[in-house]
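Student: I am new to this structure and would like to learn how to read its features one at a time. Could you take me through a few of them?

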Amino acid sequence: MALKTPEQFEESLKQFKPVVFMNGKRVEDVLSNPNTRTVVEANKASYQWALDPRYSQTMTCFSPLIQGTVNRYTHISGSNEDLLSKAKAGTFTAEMLGTCIYRCVGYDAFHALAATTWEMDKTIGTEYYPRFVNYLKMVQENDLSAAGALTEPRGSRKKRTLDWPDPFLSLKVVEKNSDGIVVRGAKVNISGAFASHELVVLPQSSHGEGEEDYAVAFAVPVDTKGITYICQYSPYSAERDQAEDIYELGNPVFGQRETSMVVFDNVFVPWERVFHCGEVKYSGKLVARFARTHRMTCGGTCKVGFMNQIIGACKLIQEYKGLDNISHINDQITEMVVLRETGRACGMAAAQLGSEDPPGSGVFLPDEVMGNVAKLNICNAFWRTMALAGDIGGGLIVTMPSLKELKNPETKAYVEEFFSFGSDEPTENILKVHKLLQHWTAGQHGVGTWHGAGPVMAQKIMLQRIVKFDHEKELVKKTLNLKEK
Ligand SMILES: Cc1cc2nc3c(=O)[nH]c(=O)nc-3n(C[C@H](O)[C@H](O)[C@H](O)COP(=O)(O)OP(=O)(O)OC[C@H]3O[C@@H](n4cnc5c(N)ncnc54)[C@H](O)[C@@H]3O)c2cc1C
């Protein structure tokens, strides 16, 4: 099948009946609920761009698997050029949406699975790789959208999985039979899954002997029996629920960033969709390879796009307020640009220096050091960017009245007079740009950026594990001509 049109994507979602709850109520239809609709719109946009000649080079590529054009978010990178194109796509989608492209975690999970199933088959004689390739071909041929799920509720971090009082705080295989496996547990903080076609599941962490039932990876359609989505709900969700006109909101069409807890209550997965089951040595490899691609994406690509939105809003406010020639404001915006470009540079370096892993697999993953550095840098750079935007925007970012006042005959004239900065810019525009900055600086993206792809300590631990200092020590020894012991 060819690439789906956005309309076909929306139509295809109607065939899925996921069990979704939000704000204590069942969401009967993810296409019409105002909050879940934002995910539908974001995913739908990725189908639209793939067919738009202006963006198709970014959003599509040739897949040797099906010998045809596929959406980039279903493609396994087979070269550094592919990785670079994906880095560009990550920035492009983020700046166009002003929120998550919900297909990214699935894309990263595909890479971890392609590399690790290949390695398992080679080293321990399993038969997962052809199974995974068949699955991926099906995804590509049907142009499916996939979410990715790793993060788990977990018990006390002081204890190992087997010592937790509830064995299901990590997703566990509870039955194996000739047809497949049955799993029980949950994944948390999962981006956008309820408005995708497929959910790709990986372990959250490495596993050791005795933890075989937790070493599991598979893919299921999102409305598989036994799966329940319990969505996040925040003041921003409530605001959207009540909005009469979405253009009163900070990010009208695509919203904040929607996640849910995904409960697996005895979910059956047929063997042809199981890609890892009990091989404890390889759970950690799946996670590490996922992190390798995801940290480049989260660190060096999508936040760059977000920063473009923030910088654009700051520039507009600078003009509205007549601050164009004020040096400290220009200085702050320059600082944002430097933070943005540092993020972009790390992402591009991760792609450029990426390598085939494992050698011979045909799967290219970003450079591990640069990917981790990208994510680590951006955690702090993004908070800093929001602080600078908060300074430039002023108190109005958080004190602004509702845009509804512009339709209220009793207040309209006051709001128009006193929030225009004496400029000829329509007050509606001024308030909308401030609302956009409210969405960023007082919204959920700060913590989201920090934790998505793991908090800073995860990157520091990884860097301490992979960066060896032999080269540096040798340099000093050589410089000083130190005597051998
Ligand atoms: C907006 C958003 C979207 C997300 N989307 C997805 C998604 O689509 N799929 C997915 O799988 N995940 C997703 N995540 C999950 C994300 O990867 C996790 O939030 C992240 O890994 C942190 O885990 P946590 O939230 O459980 O925090 P915690 O692990 O509880 O971290 C809290 C603090 O405790 C520290 N800590 C935790 N454990 C230890 C330990 N053992 N030793 C020392 N310190 C420790 C951490 O360093 C941190 O400082 C998303 C998260 C967010 C915020």
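Tutor: Let us begin with a general idea: strands are DSSP runs of at least two residues marked E, numbered from the N terminus. In this model, which is predicted, K187 is found in strand β7, which covers residues 180–191.

Student: Is K187 buried or exposed?

Tutor: A residue counts as buried when its relative accessible area is under 20%. K187 has a relative accessibility of 0%, and therefore it counts as buried.

Student: What does the side chain of K187 reach, and which side chain is joined to it by a polar contact?

Tutor: The side chain of K187 reaches the backbone oxygen of L202 at 2.7 Å, while a polar contact of 2.9 Å joins it to the side chain of E152.

Student: How many residues does the largest nonpolar core have?

Tutor: That core has 55 residues, and among those with the most contacts inside it are I181, V183 and F264. Helix α2, residues 34–51, gives the most to this core, contributing 7 residues. A second, separate core has 27 residues, including A94, I317, L388 and V433.

Student: Where is G210 placed?

Tutor: G210 lies in the loop between β8 (198–201) and β9 (216–221). Because its relative accessibility is 44%, G210 counts as partly exposed. The C-alpha atoms of G210 and L162 are separated by 7.9 Å, although these residues are 48 residues apart along the chain.

Methods
Residues numbered from 1 in each chain as written. Predicted model: local features only at pLDDT ≥ 70, side-chain atom pairs only at ≥ 80, totals over all residues. Heavy atoms only, no water. Helix = DSSP H or I, 4+ residues; strand = E, 2+ residues; numbered from the N terminus. Buried < 20%, exposed > 50% of the residue type's maximum accessible area, 1.4 Å probe, protein only. Polar contact = N/O pair within 3.5 Å; in protein donor to acceptor, adjacent residues only side chain to side chain. Core = buried A, V, L, I, M, F, W, Y, C linked by side-chain atoms within 4.5 Å.
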